[in-house]
Amino acid sequence: FDIISPWNVGRYASNNGVDKHLRDEIEPDILECETHGIDYFPVVFPGYSFSHRNAKRRFNQIPRLGGKFLWRQMYNAIHAGSKQVYVAMFDEVDEGTAIFKTAATSAQAPDQGKWLTLDAD
């Protein structure tokens, strides 16, 4: 292998979980990859919401915390020594993980439907 990229979406749901993941997974993974000359490419995600596709799921299941959740993951990965980071997902609006097509406030969202806006947290 030339690179390892663990899929982390949904593995933690808070900044405390992000920090635990750093200690338990990212730091040891980076050391192991360096030992074998393999690049490490961690996956970060802005949050998660799937309630519109599954009514049993809670709305805003993994809160974005106004961007602080994504920022913490990025900071931890880079601080631990990762030279690259994959942001999941640019366009997955259906899962609430998209980092584009966002409205800053609920007043800017369409009237129809339930929308996860940046001020939701």
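Q: Among contacts between residues at least 6 apart in sequence, what percentage join residues at least 24 apart?
A: A contact means heavy atoms within 4.5 Å. In this protein chain, 65% of the contacts between residues at least 6 apart join residues at least 24 apart.

Q: What kind of model is this, and how are its residues numbered?
A: The model is predicted: local features need pLDDT of at least 70, side-chain atom pairs count only at pLDDT 80 or more, and totals for chains, interfaces and linings use all residues. Residues are numbered from 1 along each chain as its sequence is written, and side-chain values use heavy atoms, with hydrogens and water left out.

Q: How many helices and strands does the chain have, and in what order do the elements run?
A: Helices (H or I, at least four residues) and strands (E, at least two) are DSSP runs, numbered from the N terminus. Here there are 2 helices and 4 strands. The order from the N terminus is β-α-β-β-α-β. Along the principal axes, the C-alpha atoms fill a box of roughly 55 × 25 × 25 Å.

Q: What share of the residues is buried?
A: Buried means under 20% relative accessible area, exposed over 50%, and partly exposed in between (1.4 Å probe, protein chains only). Of the 121 residues in the chain, 34% are buried.

Q: Which side chain meets Arg72 in a salt bridge, and where do the two residues lie?
A: Asp19 does, at 2.5 Å from N to O. The pair links distant parts of the chain, 53 residues apart: Arg72 is in helix α2 (residues 68-79) and Asp19 in helix α1 (residues 15-35).

Q: Is Asp19 buried or exposed?
A: Asp19 counts as buried because its relative accessibility is 16%. Arg72, at 25%, counts as partly exposed.

Q: Which side chain meets Lys20 in a salt bridge?
A: Asp24 does, at 2.3 Å from N to O. Lys20 and Asp24 are about one helical turn apart, because 4 residues separate them in helix α1. Lys20 is partly exposed at 47% relative accessibility. Asp24 is partly exposed too, at 38%.

Technical notes: A salt bridge is a side-chain nitrogen of Lys or Arg within 4 Å of a carboxyl oxygen of Asp or Glu.
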